[in-house]
Amino acid sequence: MKRIALILLLSCFVPQINAQDVYEDALTAASYAYSHSKKAHGANNVFHTQEYADKAIEAFEQVEGLADQCGCKTAHETAYKAKVDMQSSLEQDTYERSRFFAKRAKELGSKILEELTQCQADVGVYADVSEDDIAMQEEIADVSEEVSEKQRQLEEKRRQLEIEQRQLEQQIAAQNLKKAEFEAKRAAELKEQSAIKSKAEKALQKLELALQELSVVLNEESIFESHRDYVRTEQELKNESLDDTKNFYVNRAKELTKSAMQQFAGHTGN
């Protein structure tokens, strides 16, 4: 008999414990809803107002369900009204009207906390709940929301840094590609410059020899002077372009021809 009485006594506490859990969940959800509503009302533009309004709607829906579970009809009805106001806030296209409905929902959010606390006291789950407890719930919700917001900001910064890092890597890769293309093009150009140098210097040397032979034929005492200033090093080619190299040898050919014309202009036959 004692065992049966003990079981019956413990069974009386089970509904009370379950109700306590539901009320705690309802108060927590109501605190979040109230906190989001305050942020929606206090936002400085319609986008932020509606951003928090969307979060508040979800929290008010949770309060509706939990208030219904614990039999708190007044909180259930108030949560529904607050949800409707927040939905209206979300649907507005101006800051003033969106903020107007957010303000109404915020006021209802505070009322929900009072109603849940009263219902909780009526069923004897928490007979000693005070206004300080409500304020503490609100403060906890605010702090939790602030932590979540900071985490969101940090995550956004992390994503932004990843985007900037990828962009930087792409820029470096593009620069390296351009550098490789330039070096390949420059190497090909230097190869062509070197080929022109070799052929042009041989041709100019032959031209000098031909002019010397011609000067001997025309006047044995007047031999065409060799300048040899067209012979260059490979290093000199690196400091100029392909066109510069071509122009150099063209100008040397002109100078040789001009020098020969001046020398032969004064020649008179015997």
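Started with Glu201: its relative accessibility is 10%, so I log it as buried (buried is under 20% relative accessible area, exposed over 50%, partly exposed in between, with a 1.4 Å probe and protein chains only). I'm working on a predicted model, where local features need pLDDT of at least 70, side-chain atom pairs count only at pLDDT 80 or more, and totals for chains, interfaces and linings use all residues. Residues are numbered from 1 along each chain as its sequence is written, and side-chain values use heavy atoms, with hydrogens and water left out.

**Around Glu201**

I found Glu201 in helix H5, residues 131-218 (helices are DSSP runs of H or I, at least four residues, and strands are runs of E, at least two, numbered from the N terminus). What does Glu201 touch beyond its neighbours within four places in sequence? I get Tyr230, Val231, Arg232 and Tyr249, with contact meaning heavy atoms within 4.5 Å. Glu201 also has a salt bridge to Lys197, closest N and O atoms 3.3 Å apart (a side-chain nitrogen of Lys or Arg within 4 Å of a carboxyl oxygen of Asp or Glu). The two sit 4 residues apart in helix H5, so about one helical turn separates them. Lys197 is buried, as Glu201 is.

**Other salt bridges**

I also noted a network of salt bridges with shared partners: Glu155, Glu156, Arg158, Arg159 and Glu162. Arg159 pairs with Glu156 at 2.6 Å, N to O, and with Glu155 at 3.6 Å, N to O. Glu155 lies 4 residues from Arg159 in helix H5, while Glu156 is 3 residues from Arg159. Arg159 is partly exposed at 36%, and Glu156 is partly exposed at 37%. The count for the structure is 12 salt bridges.

**Cysteines**

How many disulfides are there in the whole structure? My search gave 1, taking a disulfide as a pair of cysteine sulfur atoms within 2.5 Å. The partners are Cys72 and Cys119, S to S 2.1 Å, and the link is right-handed, with 70° about the S-S bond. Cys72 is in the loop between helix H2 (46-69) and helix H3 (73-91), and Cys119 is in helix H4 (residues 95-122), so the pair ties together parts 47 residues apart in sequence. Cys72 is buried at 1%, and Cys119 is buried at 14%. I checked Cys70 too: this residue is in no disulfide, and the nearest cysteine sulfur, that of Cys72, is 5.5 Å away. Cys70 counts as buried at 16%.
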